[in-house]
Amino acid sequence: MSVRRTACNLCEAICGVLVTVENGRVTDIRGDKSDPLSRGHICPKAVALRDLQEDPDRLTTPVRKTPDGWQDISWEAAYELVVDRLSAIQQEHGRNSVGVYLGNPNVHSLGALTHMPTMVRQLRTRNRFSATSIDQLPQMLSSYLLYGHQLMVAVPDIDRTSYLLMLGANPLASNGSMMTAPGFGKRLQELRKRGGRLVVVDPRRTETAAVADEHHFVRPGTDAAFLLAVIHEVIAQGFARTAEYVDGFAAVEDAVQAWTPERAADVTGIPADAIRRTAREFAEADRAACYGRVGVSTQQFGAICQWAIQVLNIITGNLDRPGGTMFPRPAVNTLLGMGRGHVGVWKSRVRGLPEFGGELPVSTMADEILTPGDGQIRAMVTVAGNPVLSTPDGRRLDEALDSLDFMVAIDPYINETTRHADVILPPAPPLERDHYDIVFHQLAVRNTARWNNAVLPKPASSRHDWEIFRDLGLALVRRTPWGRRRAEVTARLRTPPRWIVDAGLRIGPYRLSLGKLRRSPGGVDLGPLQPALPAALHQKSKRIDLAQRMILDDLPRLDTLAPVASGELLLIGRRHLRNNNSWMHNSERLVKGRPRHHLLMHPDDLTDRCLTDGQLVTVTSAAGSIAVEVASSNDIMPGVVSLPHGFGHNRPGARLTIANQVPGPSANDITDPHLTDPVAGTAAINGVPVTVTPA
């Protein structure tokens with residue numbers, strides 16, 4: 001028996017864990033109190049690492065679809081088949097005839113981050129999509145516009161703040177997102193001990209809102225009006241103060257002039273007095289931070305919301321200030337290895353939506369597959385994603401994937417998406433991989449670093465994800481006519497992840513090395529966040545310009561906000577601590593207990609529609625209809641309904657024994673792909689107009 005240290009990489013919290021191994025099998029997983037970031041905290045998902053390891057549905061060798069069903073195939077034969085088909089399709093139809101979709105788990109894997117981008121670049125296609133455009137894209141866009149880099153994200157210094165204003169976030173369920181803050185509950189207790197306050201703005205009384213000092217219901221999709229009114233009041237009451245390196249304040253003052261608290265109250269449902277008081281309390285707090293997450297990103301005004309959040313922090317002097325919002329200084333500088341970003345360099349073929357950072361909005365992926373013409377997607381590469389369940393109008397995408405000439409999936413499961421693949425290449429599971437968090441140290445509320453060797457040995461017959469990307473990338477370099485800088489690319493693909501991490505540590509700000517981190521497997525504490533501006537800005541001018549034209553020009557669109565049509569409700573999502581999008585429903589320990597798929601509705605809305613608690617109802621949007629049980633809840637704002645995403649299993653061909661028994665429809669069968677933020681291109685999966693009737 002031995003106890004081995006690693007980090008749970010299933011969500012952004014990157015909690016340190018102690019894994020007990022007996023005779024080659026995991027027998028216990030618990031929190032590592034020596035981890036300087038997570039301090040012993042774990043959630044139920046960490047214990048499910050064992051379930052992923054032992055899941056009999058998990059693929060361990062490549063499989064190929066045949067008329068007789070799935071058949072095992074050797075790695076060499078699988079690589080040859082994949083590269084042959086992709087190359088042939090691109091030679092016949094052009095390089096954009098191959099599309100790529102990258103799922104959320106990729107940013108949680110060291111090997112995917114070090115090797116996948118190089119492999120994908122060898123395809124030379126502009127039809128690249130990812131989960132970013134149904135998640136944090138507006139936040140990355142605002143970081144790019146204001147600070148000069150898409151991943152230079154200002155995170156709340158929660159361990160020192162005295163006033164935290166939170167919109168569209170539920171860290172008691174998410175463990176923090178775009179804000180790596182494991183053990184948020186304990187951090188909130190510490191905030192209270194300092195005499196601090198938490199104020200939550202959300203259409204639902206979430207787990208986090210329930211323990212906040214103050215919670216305001218807000219009509220979905222109107223958060224931007226609230227934020228502009230708060231900024232208006234901060235300026236009107238004379239609280240605004242900006243750093244010397246900040247420009248564009250006059251343009252902001254002019255832009256928010258019409259957004260009085262009274263006007264915002266009519267739109268949002270938040271009383272004008274509450275808006276004024278929030279503005280005053282935020283501005284007067286000695287250390288304050290405003291933070292918004294997926295609820296304010298995945299809506300029609302996501303770009304405005306995330307820009308306004310940054311503006312509020314900046315004009316109150318809380319950016320780059322202890323207890324405000326600050327920039328982490330990770331041991332491996334992620335920003336050096338990732339492009340600054342760009343927006344609108346090209347647009348999607350069918351709907352003309354802008355790219356961001358080289359990726360098109362996923363809401364138009366089905367259009368690009370189904371619409372004939374030059375550049376039509378005829379083959380897909382999906383990596384660690386299940387877009388049939390996680391992206392808008394999943395039914396249409398389901399049909400689109402079925403129409404492809406070829407599809408390859410790099411994924412450990414035959415799920416609702418990968419069942420359409422011709423070849424599946426399964427990577428080794430988390431406990432068989434070395435781990436260093438490249439991305440989430442860049443978003444953490446404290447500077448730390450930890451390296452962990454794999455807990456369990458990888459069988460010789462399986463492959464790490466980085467090895468799959470290496471082998472595919474090398475084959476593409478040899479076979480495609482547009483393989484560029486062959487020697488450089490080949491060397492990059494052949495370099496193991498640990499060498500890349502070691503080099504990053506050595507040139508990083510703390511001059512660490514892999515050897516030094518191995519001597520501290522519980523992690524190294526590098527201290528609290530420190531002021532870094534203006535030197536850390538990625539603009540050549542080292543200045544922040546608040547007057548971003550693409551945002552200011554979009555503000556008049558807020559004038560179109562109007563009451564919903566008679567009988568309509570607004571649909572929002574929700575998250576649960578035991579859920580992780582769609583891909584953790586095959587763990588018995590995570591799905592057991594009371595069903596979590598119900599549609600939440602306020603009692604008054606039930607009464608108005610002559611519905612009863614527990615009744616089966618039909619929910620209809622512009623995209624389609626689903627049937628689901630409704631649950632009465634006073635935790636939901638009147639006029640709003642809530643349905644979690646990631647459900648909708650038990651489809652023909654999916655091999656997920658436990659998930660297939662989990663009830664509940666896919667919320668994305670009724671999210672509307674044409675409901676988007678035109679600036680960021682993000683899908684508006686919150687604030688979707690729906691009707692609810694008896695089934």
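This is a predicted model: local features need pLDDT of at least 70, side-chain atom pairs count only at pLDDT 80 or more; totals for chains, interfaces and linings use all residues.
Helix axes are taken here as lines fitted to C-alpha atoms over the stretch in contact, and the angle between two of them runs from 0 to 180 degrees between N-to-C directions.

In the pair formed by helix H11, which spans residues 261-268, and helix H12, which spans residues 272-284, the axes come within 8 Å and cross at roughly 120°. That angle makes H11 oblique to H12, and the crossing of the two helices is right-handed. On the H11 side the contact is made by Pro261, Glu262, Ala264 and Ala265, while Ala272, Ile275 and Arg276 contribute from H12. Sorted by class, the residues of this contact comprise five nonpolar and two charged, with no polar residue among them.

Helix H4 (residues 110-121) and helix H18 (residues 465-479) also have axes that come within 8 Å, and these cross at roughly 15°. Because angles under 35 degrees count as roughly parallel, H4 and H18 are therefore roughly parallel to each other. The crossing of H4 and H18 is left-handed. From H4 the contact draws on Gly111, Ala112, His115, Met116 and Met119, and from H18 it draws on Asp465, Trp466, Phe469, Arg470, Leu472, Gly473 and Leu476. The residues through which H4 meets H18 divide into seven nonpolar, three polar and two charged.

Empty space was examined as well, since rolling a probe the size of a water molecule over the atoms shows where such space is left. The second largest pocket holds about 480 Å³ of space. Its lining consists of 19 residues, and those lying nearest the centre of the pocket are Arg574, Arg594, Pro595, Arg596 and Leu600. By class, the lining of the second largest pocket has eight charged, seven polar and four nonpolar residues.

When residues up to four places away in sequence are not counted, Thr618 touches Ser625 and Ile626, together with Thr691, Val692, Thr693, Pro694 and Ala695. Thr618 and Asp525, in turn, are separated by 93 residues in sequence and lie 52 Å apart in space, C-alpha to C-alpha.

How values were computed: Residues are numbered from 1 along each chain as its sequence is written. Side-chain values use heavy atoms; hydrogens and water are left out. Helices (H or I, at least four residues) and strands (E, at least two) are DSSP runs, numbered from the N terminus. Angles under 35 degrees count as roughly parallel, over 145 as roughly antiparallel, 65 to 115 as roughly perpendicular and the rest as oblique. A crossing is left-handed if the near helix is turned anticlockwise from the far one by less than a right angle, and right-handed if clockwise. Contact means heavy atoms within 4.5 Å. Ala, Val, Leu, Ile, Met, Phe, Trp, Tyr, Cys and Pro count as nonpolar, Asp, Glu, Lys and Arg as charged, and the others, Gly among them, as polar. On a 1 Å grid over the protein atoms alone, a cavity is a set of points where a 1.4 Å probe fits but cannot get out, and a pocket is an open set with protein on both sides within 12 Å along at least five of seven lines; lining residues have an atom within 4 Å of a point. Grid points are joined across faces, edges and corners, and a volume is the space filled by probe spheres set on the points.
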